[in-house]
Amino acid sequence: MATLAPTVPVRRETEWSIVIAAAVLVVFLSAAPFVLYPVFVMKALCFALFACAFNLLIGYVGLVSFGHALYFGWASYLAAYSAKVWGLLPELAILCGTATGAVLGLIAGVVAIRRQGIYFAMITLALAQMMYLVALRVPMTGGEDGIQGVPRGWLFGTFDLNNETTMYAFVAIVVLAAFFLIYRIINSPFGEVLKAIRENEQRAISLGYKTDDYKLVAFVLSATLAGLAGSLKALVFQLASLTDVHWTMSGEVVLMTLVGGLGTIFGPIVGAFFIVAMENYLAQVGQWVLVIQGAVFVVCVLSFRRGIVGELAARLRVRL
Amino acid sequence: MFEIFGVPSQALFGQLLLGLINGSFYALLSLGLAVIFGMLNIINFSHGAQYMMGAFVAFILLRNVGIGYWPALIVVPIVVGATGVVIERLFLRRLQKLDHLYGLILTFGLALIIEGLFRNYYGSSGQPYGVPESLQGGRNLGFMFLPNYRAWVIAFSLFVCIGTWYGIERTRLGSYLRAATENPALVRAFGINVPRMVTLTYGFGVGLAGLAGVMAAPIYNVSPQMGSDIIIVVFAVVVIGGMGSIMGAIVTGFALGIVEGLTKVFFPEASNTVIFMIMIIVLLIRPAGLFGRGA
């Protein structure tokens, strides 16, 4: 099987590029709320985490899930529901949502990993659509209205998340921690096995790795992190709605990752900011958003497959 | 009127008929997907959008040009197929050497563009398209009422499906096609223009989607999202049947339509998820699909 992520020449001795990029990210996130709307940055951060979770699969295992909205959206529902109806503290509500992502990821993963390549994509999409139809009917999700007016509450009972700055700091810290976790996963021995599966699954099997188990763990990890992103989004917007479980959301996360750069560490983050900014800017052109999104897809696939960060990394001959 | 398992026969057969109608569209669309996949190794995500395009072209022909259903049945597949030829020439051809997931992503983008364009001009509400005069009305079969148009859709789509199967499995051109699927380089060496065959295959598959769109127009409302609603179900159908066999795609399509119809009678809550549930069960028991060969 051909490599999905275009490989970039790597100079292993200098990982400084990643340290510098991470520092730039931290500085940017510290300065951002003073320059940009905090809600905008928080939205972009949630999507950045979502895209990074998706990239863990597509970029490092070579699995294309076309149904990641399932974990994102349902986690968002459960976080919103537990915060609003059960009155859970925000950290517990987020935990509840994240666990939902993990459980759904485990179930979907067991089913989907039985097939490969193109079928895997179709199965994940079909499973997500099924759960979308469930969300449409179950009273818990509030149907077309969604779950509105979700209380942000007091973090650990001490920090008031209704304060925009506190909320921002909380989201930024959680998302940065998750980024670090993903980085560690990618660079662990486990991550090396994932990359081996991506490059040549048959050879990995012949070396004695139970590749299906590795794929399943990676899938659950990805779904869990997507769940964390969805839960955070529910608290930021105080809303969980059908948009987040719809297949267009699954497409959007593919788009973000593709624009930023498949299989790069910072690509999905850049891609998420790019797409969220684009949609914000294009909000007044209404339905054209769909056409423009589609056009970006086509252009990226035809002539910009490395994505923004991938292209940059290739020019600078570093890993990013 | 009599009852079967406590369900009035009228309702049971009515839903069965609806199931068969849905099944015809599943069969036509999954057939197109299978033909395209066999030749191009691409899952055509824009298949649903092209089906919707077929319905809209028929609608526009009727409203703006005054061309009715019967000519549309011939003109629309050609028009939609021609757009397919252009898409293959401009875009898909460049992806041949890449991982085939790029094909999925590209056609997904195309689907968004097509759906977005029709939404801009026609809004997201449905437009009505009348049943052609010659097929209005229906007949009473004693146990149920059969509208003529629906009978026509089932019969005609069966005819198209069988015709396609015959063309691919039993004719000389079909044998070239199957050979090119197995080993394009060798077939080229025999002097057959494989790239042109690939283009025409994509055009044909897309034309089938357009044809399904015309047939669907009088039954469902013509709306921009009609394609994305159906395509994901068709993907599940394809996963269940496996894309290895043309006949498999046809049989699975019709069978799942009937199952869906029956579910509507006995467990209405599960009717729109039943195909996905069957997909899960099939994957757990027979991962390669009912007619599939390998993964």
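**View 1. The side of chain B that touches chain A.**
In this predicted model, 36 residues of chain A are in contact with 35 residues of chain B. Three helices of chain B, namely α4 (101–122), α9 (226–241) and α11 (274–285), each supply at least two residues of the side that touches chain A. The most is given by α4(B), with 15 residues. Sorted by class, this side of chain B has 25 nonpolar, six polar and four charged residues.

**View 2. Helices α2 and α6 of chain A.**
Helix α2 (residues 38–58) of chain A packs with helix α6 (residues 164–187) of chain A at an angle of about 15 degrees, and their axes are 10 Å apart. Because angles under 35 degrees count as roughly parallel, α2(A) is roughly parallel to α6(A). The crossing in which α2(A) passes α6(A) is left-handed. Among the residues of α2(A) that meet α6(A) are M42(A), L45(A) and L49(A), while those of α6(A) include V171(A), V175(A) and F179(A). This contact has 15 nonpolar, no polar and one charged residues.

**View 3. Helices α10 and α13 of chain A.**
The axes of helix α10 (residues 247–260) and helix α13 (residues 307–316), both of chain A, cross at roughly 15 degrees and come within 3 Å. The angle makes α10(A) roughly parallel to α13(A). From α10(A), the contact is made by L258(A), V259(A) and G260(A); from α13(A), it is made by G307(A), I308(A) and V309(A). Of the residues in this contact, four are nonpolar, two are polar and none is charged.

Notes
Residues numbered from 1 in each chain as written. Chains lettered and ligands numbered in written order. Predicted model: local features only at pLDDT ≥ 70, side-chain atom pairs only at ≥ 80, totals over all residues. Contact = placed C-beta atoms within 7 Å. Helix = DSSP H or I, 4+ residues; strand = E, 2+ residues; numbered from the N terminus. Nonpolar A, V, L, I, M, F, W, Y, C, P; charged D, E, K, R; others polar. Axes fitted to C-alpha atoms, helices over the stretch in contact; angles between N-to-C directions. Parallel < 35°, antiparallel > 145°, perpendicular 65-115°, else oblique. Left-handed = near helix turned anticlockwise from the far one by under 90°.
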